[in-house]
Amino acid sequence: MAVPLTQVPSYASSVEVKPRVKLVRFGDGYVQRGADGINLFPQVWNLSFNNRSDAEIDALVADLKSAAGGSISWQPPGEAAPLNFMCLSWNRSILSFGISTVTCQLEQVFEP
C-alpha cells in the first residue's frame with residue numbers, strides 16, 4: 001500500500017511530462033512512431049517544501065523513508081484523485097535554527 005504524502009509542497013514545485021512514444025528511425029530521416037503502452041503521460045514532479053519547521057521536515061522525511069522500496073500516494077494540482085509515485089532521493093537544506101527546506105523528485109508509477 002502506498003504511503004500518503006501529508007505535507008503540502010510549496011508553490012515553487014514543477015512538473016515534467018514526457019509522453020511515452022516508441023521511435024524507429026530509418027534511413028533518409030524517416031521515423032516511425034507510435035504510443036508505448038496505455039500509460040502514455042507519466043509525470044515527474046520536482047517538489048519543494050520551503051522554510052518549514054524541523055518538526056514538519058522530520059515528518060516529511062519519515063514519510064519518504066517509509067516509502068522507500070514502495071510508493072507514495074499524492075494528489076497533484078489539477079488531478080481528480082491521488083496518484084502513485086516513487087521518490088528515489090531528496091535533499092534537505094538547513095536554513096537557520098529550526099528551519100529547513102526539502103526538495104525531492106517524485107516519479108509517477110503505475111501499479112495495479
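Start inside this predicted model. Select Leu5, Leu47, Ile72, Trp74 and Leu106: in the largest nonpolar core, which has 18 residues, these have the most contacts. Now color by element. Strand 5, helix 1, strand 6, strand 7 and strand 8 each give two or more residues to this core. Helix 1 supplies the largest share, four residues.

Next, zoom in on isoleucine 72. What does isoleucine 72 touch, leaving out residues up to four places away in sequence? Its contacts include Ala2, Val3, Leu5, Leu64, Phe85 and Leu106.

Six strands form an open sheet in the order 1-6-7-8-5-2, with mixed pairing. Look at the edges: strand 1 (3-4) and strand 2 (14-17) each pair on one side only. Now show residues 54-66. This is helix 1, which packs on the sheet and touches strand 1, strand 5, strand 6 (72-74), strand 7 (83-96) and strand 8 (99-108). Compare directions: helix 1 makes about 150 degrees with strand 5.

Select strand 2 together with strand 5 (residues 43-53). They pair in the antiparallel sense over four bridges.

Is serine 14 buried, partly exposed or exposed? Its relative accessible area is 34%, so serine 14 is partly exposed. Show its neighbors: serine 14 touches Val44, Trp45 and Asn46, not counting residues up to four places away in sequence.

Serine 14 and serine 73 are 59 residues apart in sequence and 17 Å apart in space, C-alpha to C-alpha.

Methods:
Residues numbered from 1 in each chain as written. Predicted model: local features only at pLDDT ≥ 70, side-chain atom pairs only at ≥ 80, totals over all residues. Heavy atoms only, no water. Pairing = 2+ DSSP bridges. Contact = heavy atoms within 4.5 Å. Axes fitted to C-alpha atoms, helices over the stretch in contact; angles between N-to-C directions. Core = buried A, V, L, I, M, F, W, Y, C linked by side-chain atoms within 4.5 Å. Buried < 20%, exposed > 50% of the residue type's maximum accessible area, 1.4 Å probe, protein only.
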